[in-house]
Amino acid sequence: MPPRRRNKPNPNINRRSAVKNLEPSLKEEEEEEEEGEKVSTHEIFTKGTPVEVSSDEEGFNGAWFAATIVEAVGEDKFLIEYQSLRTEDDSAFLREEIDTLHIRPCPPEIVVDHFSLLQEVDGYYNDGWWVGVISKVLRGSRYIVYFRGTYEEIEFQHSELRLHQDWIGGKWVMASRV
């Protein structure tokens, strides 16, 4: 990269007034940067916040489980309590330390009258939300959903499904048709 060329100072410019004139534009740039910054996870996930949690554990990939933030545990981890998963002795709801990569806010509820063939949905099954695709529309607000990860098809009532949304860059994004 070539060296920068420095201009000689112009003796006709009052440096103090030039700096004062630049201050508003510098301040505007700082405000734009602040608006573009990501909100910290500690601002989003505070004690008592309902969230959804995923797992990389075999058999649970692609599922999201409802939980509540109990407390922050370091910079990138939170202690959460599941809302449906219980301890092995069934004495309490399961608590785990989860890193922020596996936590997202609960998606906004979108009211849907009916689902269409090949629409990407989440089906509530085995205490979690699993991503699938409507493979058949049945009568009586029932649907067959295909799950790519397990090659299974399962029948669901309308009330057990929701439109699939992804949490990307701090925003909810609707899934496109398959």
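This is a predicted model: local features need pLDDT of at least 70, side-chain atom pairs count only at pLDDT 80 or more; totals for chains, interfaces and linings use all residues.

Colleague: Which charged end sits over the ring of Trp 64?

Modeller: That of Arg 104, placed 4.0 Å from the centre of the Trp 64 ring. Arg 104 also takes part in strand pairing, as the bridge partner of Glu 52.

Colleague: How many helices and strands does the protein chain have?

Modeller: There are two helices and twelve strands. Read from the N terminus, the order is α-α-β-β-β-β-β-β-β-β-β-β-β-β.

Colleague: Are Phe 65 and Tyr 82 buried or exposed?

Modeller: Both Phe 65 and Tyr 82 are buried. They also belong to a cluster, in which ring pairs link Phe 60, Phe 65, Tyr 82 and Trp 130.

Colleague: What is the general idea behind a nonpolar core?

Modeller: In soluble globular proteins, nonpolar side chains tend to be buried together. Here the largest nonpolar core has 25 residues, and Tyr 82 is among those with the most contacts inside it, together with Val 53, Ile 80, Ile 103, Phe 115 and Leu 161. Several strands each supply at least two residues of this core, including strand 1 (50–53), strand 7 (128–137), strand 8 (142–147) and strand 9 (152–157).

Colleague: Why does this core lie between domain 1 and domain 2?

Modeller: Domain 1 (41–105) and domain 2 (119–174) both give residues to the core, so it lies between them.

Colleague: Which residues is Ile 80 in contact with, leaving aside its neighbours within four places in sequence?

Modeller: Among them are Val 53, Ala 67, Ile 69, Val 70, Leu 94, Ile 98 and Ile 103. For the protein chain as a whole, take the contacts between residues at least 6 apart in sequence: 42% of these join residues at least 24 apart. Of the 178 residues of the protein chain, 28% count as buried.

Colleague: How should I read a residue in a loop?

Modeller: One asks where the loop lies, how accessible the residue is and what the residue touches. His 102 is found in the loop between strand 4 and strand 5. At 15% relative accessibility, His 102 counts as buried. Not counting residues up to four places away in sequence, His 102 touches Glu 52, Val 53, Ser 54, Ser 55, Asp 56 and Trp 64.

Colleague: Is Gly 59 buried or exposed?

Modeller: Gly 59 is exposed, its relative accessible area being 59%. Its place is in the loop between strand 1 and strand 2. The C-alpha atoms of Gly 59 and Thr 150 are separated by 9.0 Å, while the two residues are 91 apart along the chain.

Colleague: Which residues should I examine for a positive phi?

Modeller: Asp 90 has a phi near 60 degrees, a positive value in a residue other than glycine. Asp 90 lies in the loop between strand 3 and strand 4 (93–99), and is partly exposed at 48% relative accessibility. Asp 127 is not a glycine either, and its phi is positive at about 70 degrees. Asp 127 is found in the loop between strand 6 (120–125) and strand 7.

Colleague: Where is Gly 169?

Modeller: Gly 169 is in the turn of the hairpin formed by strand 11 and strand 12, and has a positive phi of about 60 degrees. The two strands pair in the antiparallel sense over four bridges, with Asp 166 opposite Val 173 of strand 12.

Technical notes:
Residues are numbered from 1 along each chain as its sequence is written. Side-chain values use heavy atoms; hydrogens and water are left out. Buried means under 20% relative accessible area, exposed over 50%, partly exposed in between (1.4 Å probe, protein chains only). Rings of Phe, Tyr and Trp (its six-membered ring) pair if their centres lie within 6.5 Å; planes under 30 degrees apart count as stacked, over 60 as edge-to-face and the rest as tilted. A charge sits over a ring if NZ of Lys or CZ of Arg is within 6 Å of the ring centre and within 35 degrees of the ring normal. A nonpolar core is a set of buried Ala, Val, Leu, Ile, Met, Phe, Trp, Tyr and Cys residues joined through side-chain atoms within 4.5 Å. Domain bounds come from an automatic or database domain assignment. Contact means heavy atoms within 4.5 Å. Two strands pair if DSSP finds at least two bridges between them.
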